[in-house]
Structure formats: structure tokens, C-alpha cells
Amino acid sequence: MPYLQMATTVDLEVLEEVYCDSLENRKVIFTRPNIPESYKERKDQQGETPKCTGGASAGRSGELTLNSKKNVSHKEQRRINSQRLVLQYIVPCMDSYGLCIVDNFVGHKYGEKILQEVLGLYQSGRFQHGELANQKSGSNQAIRGDKILWVEGNEQGCENIGILLSKMDKLIMYADGKLGHYKIRGRHKAMVACYPGNGTGYVRHVDNPNGDGRCITCIYYLNKNWDSKVHGGMLRIFPEGKSYVADVEPLFDRLLFFWSDRRNPHEVQPSYATRYAMTVWYFDAEERAEAKQKFRNLNATKKKEAPLSED
């Protein structure tokens, strides 16, 4: 099978200039894993670039019709643009490919502020080696080599991180009920991660292999002047049942969405420069509730089966 190349810049401030007629310019490269060329364009059976039609029903409903700029506030314009981004781009891409990229998400000014906050957090010495389930700390660095810190966004020195998380939350809110069958009612804290540039990565894995409630993985990248041919650090996604993989460069101010379950095994390839990213997982309410109940039942069973302590 040939290739699909998607490459464009989607900016919330100028969304009215972005159309969903085709995916030919989207910035995620789908490529067959065993062939080196990664920039050939894939055509569908009719020889045309695949179409993105997810915005049609929204247009008929009138919800996303833009008013004249003189009659709408800047805040309202941004809200409308965000809704259009979700309905005409993010939802169709998730439906078609199981992942979606938004570039220039907050803009250079705010992106720089977020980066400075992340650098401050890292320099504070509070990051710890990333852990795996059922593994002792420090025993898994051959599997994942990142250092991480969990943040809520309301900590001192994290004001702009909090703004970023709020913007991400709004996109998910606008997509509620439109991303598969999920009802998203919450998320995890943000995981700020740093690969220190010593050739470490994260081997192929699935974020949610066992139904813990996570349905969407959302990653924001903070790496200026990144060249994956030199620096490595590519995120490679292996969409289930597809003949291609998706290679995503961790570029500054880039936001990535993908399904968290077994549909999207992925890996972080070895990084040879310091690589920063921030990850948030959004929960499906029903699956999360079931997972919590299973956890409570398991703990209750363990307590019943535990031998009585001797006096």
C-alpha cells in the first residue's frame, strides 16, 4: 500500500482560513514500516486524496456559522473557532485514523512561557524515573528512559501550564459525545516528561491495555528546532489492523491526540537531545467507574484472604 502524507498548520487564531476539503496537507506521516521513503502521498482507489467530511452535519445545523467579526467578541470568536477545529478536523481524523495533530496550538508566545515553566520544574530536581506497573523504581530504564513529574496546573510557577490544560479540556468538552461511544467526564493529572538525550526511549506499549478508563491520550510537545533525523525521539504509532505506521515528530507547540487502548500501540524512539512533552489522559466515565469498582473488589478479596496476624 502507498503512503498518506498529511501536512498543515492548524492555528486556533486563524481557523476560519482552514478548510476540511481534504487531508492532503495534514502534518502526520503515515508510512509502511519497511520502506524508507516517508513523504509520498497516498491516493484512494479513485486516485484522489481522502476526504474529510466530518464537518458537514455541523454546517447544516448552523452551530458553527461564523458571524461577522465586528458583531462577535474575540472570546466568542475563539470559542467558535475551537468548536470548528473539533468538529471539522479533530473528530473526523480520530474517526478515520485514530489520531490527530494540531500544530501552533497556543502560539509561540504562550508556548515559550509553558516551556520556561517546564524547564523550571525540571531544574528543581523533582523529576523521578518513569515507572511501569508492577515494576520497582529504577528497574525499568531499559524499557522507558524518561524522567517525569505529575502536575495539576494550579501549583506555583505552573500558571501557563494550567492555561494549556484548560485549553485542552475545552477541546475535549466540545467533542463530548462525538469521539466514539465515550462519555468523557474527567482526566488524569498532567505528566511532564523529559528524555535527557542519552539515547533512551520507551519501547512499544499500549497506554490502556486492560480497561482502566483512559480513552484518549493527549500529548503536547515543547521541543524547538527539533530534527528527528539528528535528534531521534520520534513517536511511532502502530495503528491496529493497518499496513502503515504513523511517525510524529515532537515539535514545539504541537498537540497530538490518539486512542489510548489497544488500537494504538506506540513507542518513543531513542532521543539524542533533551526532549520535553506533557501528557494528559482523558477518562471514559463508564469504563473508569467499572475499573474503580474492580479495584475495590480486588482489595476487599485480598483483605478477606489475608491471614490473621498473631498477637
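The model is predicted. Asn 104 sits in the loop that runs from β3 (99-102) to α3. Its phi is near 55°. That is a positive value, and the residue is not a glycine.

Asp 253 has a positive phi too, near 65°, and is likewise a residue other than glycine. Its place is the loop between β11 and β12 (254-259). Asp 253 has a relative accessibility of 2%, so it counts as buried.

In sequence, Gly 241 and Arg 263 are 22 residues apart. In space, their C-alpha atoms are 8.2 Å apart.

Next, a strand. Trp 281 belongs to β14, which covers residues 275-284. Its relative accessibility is 7%, so Trp 281 is buried. What does Trp 281 touch, leaving aside residues up to four places away in sequence? Its partners are Trp 150, Arg 187, His 188, Met 191, Asp 207, Arg 214, Ile 216, Thr 217 and Ser 260. Trp 259 is 22 residues from Trp 281 along the chain. The C-alpha atoms of these two tryptophans are separated by 9.8 Å.

Now the helices. Helix α2 spans residues 74-97, and helix α4 spans residues 159-174. Their axes come within 9 Å and cross at roughly 60°. That angle makes α2 oblique to α4. The crossing is right-handed. On the α2 side, the contact is made by Arg 78, Arg 79, Ser 82, Gln 83, Leu 85, Val 86, Leu 87 and Ile 90. On the α4 side, Lys 167, Leu 171 and Tyr 174 take part. By type, the residues of this contact are six nonpolar, two polar and three charged.

Helix α4 also packs against α3, which covers residues 108-123. Here the axes are 8 Å apart, and the angle is about 125°. The pair α3 and α4 is therefore oblique. Which way does α3 pass α4, left-handed or right-handed? The crossing is left-handed. From α3 come Tyr 110, Lys 113, Ile 114, Glu 117, Val 118 and Leu 121. They meet Glu 159, Asn 160, Ile 161 and Leu 164 of α4. This contact divides into six nonpolar residues, one polar and three charged.

Finally, the whole protein. It has six helices and 14 strands. Of its 311 residues, 48% are buried; Trp 281 and Asp 253 are among them. The accessible surface comes to about 16500 Å². Carbon and sulfur atoms hold 48% of that surface. What share of the contacts with a separation of 6 or more comes from residues 24 or more positions apart? The share is 77%.

Methods
Residues numbered from 1 in each chain as written. Predicted model: local features only at pLDDT ≥ 70, side-chain atom pairs only at ≥ 80, totals over all residues. Heavy atoms only, no water. Axes fitted to C-alpha atoms, helices over the stretch in contact; angles between N-to-C directions. Helix = DSSP H or I, 4+ residues; strand = E, 2+ residues; numbered from the N terminus. Parallel < 35°, antiparallel > 145°, perpendicular 65-115°, else oblique. Left-handed = near helix turned anticlockwise from the far one by under 90°. Contact = heavy atoms within 4.5 Å. Nonpolar A, V, L, I, M, F, W, Y, C, P; charged D, E, K, R; others polar. Buried < 20%, exposed > 50% of the residue type's maximum accessible area, 1.4 Å probe, protein only. Areas by Shrake-Rupley, 256 points an atom, 1.4 Å probe, with all protein chains shown as cover.
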